[in-house]
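Subject: Handover of a structure and findings

Dear colleague,

Please find below the structure that I am handing over to you.

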Amino acid sequence: MQDHTGSSIGLPVLITRTGPLQPLLKYQLLFHRKSTSWQRKLCFAVRLLVEYAVASAGVFVQEKELFQSFGVKLLSGTCDESGLDPSGLYWMPRSATSARRIIGQ
């Protein structure tokens, strides 16, 4: 990002079909002094959430339900007992620590 001062801030960006995910970029700019590692982890967590939201389009009435289910699927994975995954995500189960970190981002 550049302004008229000529200085810039380099941030990892989550790109969608329509360009950078603007709400995330605005959030990142608020916390631009955080480490590159933190910024990358944030983008990764949001990417997973966006992928889950797209795969679950039309399933949830309230956003709260989507977020709750997202947390459950981070822990349990998205495949059924036979290894099938109608969502197409094919997420493996994550540890509680890993899921907590992603949700915390």
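**The chain as a whole**

Please bear in mind that this is a predicted model. The chain holds four helices and two strands. Read from the N terminus, its elements follow the order β-β-α-α-α-α. Along the principal axes, the C-alpha atoms occupy a box of roughly 55 × 30 × 25 Å. Of the 105 residues in the chain, 26% are buried. The accessible surface amounts to about 7,500 Å², and carbon and sulfur atoms contribute 57% of that area.

Which residues of H1 are buried? They are Leu24, Leu25 and Gln28. These residues lie on the same side of H1, because they cover an arc of only 100 degrees around the axis. Helix H2 is among the parts that cover them. On the other side of H1, the exposed residues are Pro23, Lys26 and Leu30.

Leu30 also belongs to a nonpolar patch on the surface, together with Tyr27 and Phe31. The accessible area of these residues together is about 300 Å². Phenylalanine 31 itself is located in the loop between helix H1 (22-30) and H2. Its relative accessible area is 32%, so phenylalanine 31 is classed as partly exposed, a class that lies between the limits of 20% and 50%.

**Tryptophan 38 in helix H2**

Tryptophan 38 sits in helix H2, which spans residues 36-55. Why is tryptophan 38 counted as buried? Its relative accessible area is 17%, and buried means under 20%, so tryptophan 38 falls in that class. Apart from neighbours within four places in sequence, tryptophan 38 is in contact with Tyr27, Phe31 and Gln105. Two of these partners, Tyr27 and Phe31, are also members of the surface patch described above. As for glutamine 105, this residue is 67 residues away from tryptophan 38 in sequence, yet the C-alpha atoms of the pair are 8.5 Å apart in space.

How many salt bridges are counted? The count comes to one. Arginine 47 forms a salt bridge with glutamate 51, and their closest N and O atoms are 3.6 Å apart. Both residues lie in helix H2, where they are four residues apart, or about one turn of the helix. Arginine 47 has a relative accessibility of 35% and therefore counts as partly exposed. Glutamate 51 is also partly exposed, at 32% relative accessibility.

**Serine 69 in helix H3**

Serine 69 is part of helix H3, which covers residues 63-76. Is serine 69 buried or exposed? At 15% relative accessibility, serine 69 counts as buried. Leaving out residues up to four places away in sequence, serine 69 touches Tyr52 and Phe60. With tyrosine 52 there is also a polar contact, in which the side chain of serine 69 meets the side chain of tyrosine 52 at 2.4 Å.

Yours sincerely,
A colleague

Key. Residues numbered from 1 in each chain as written. Predicted model: local features only at pLDDT ≥ 70, side-chain atom pairs only at ≥ 80, totals over all residues. Heavy atoms only, no water. Buried < 20%, exposed > 50% of the residue type's maximum accessible area, 1.4 Å probe, protein only. Contact = heavy atoms within 4.5 Å. Patch = residues over 30% accessible without salt bridge, like charges linked within 9 Å, V, L, I, M, F, W, Y side chains within 5 Å. Areas by Shrake-Rupley, 256 points an atom, 1.4 Å probe, with all protein chains shown as cover. Salt bridge = Lys/Arg side-chain N within 4 Å of Asp/Glu carboxyl O. Arc of directions from axis to C-beta. Polar contact = N/O pair within 3.5 Å; in protein donor to acceptor, adjacent residues only side chain to side chain.
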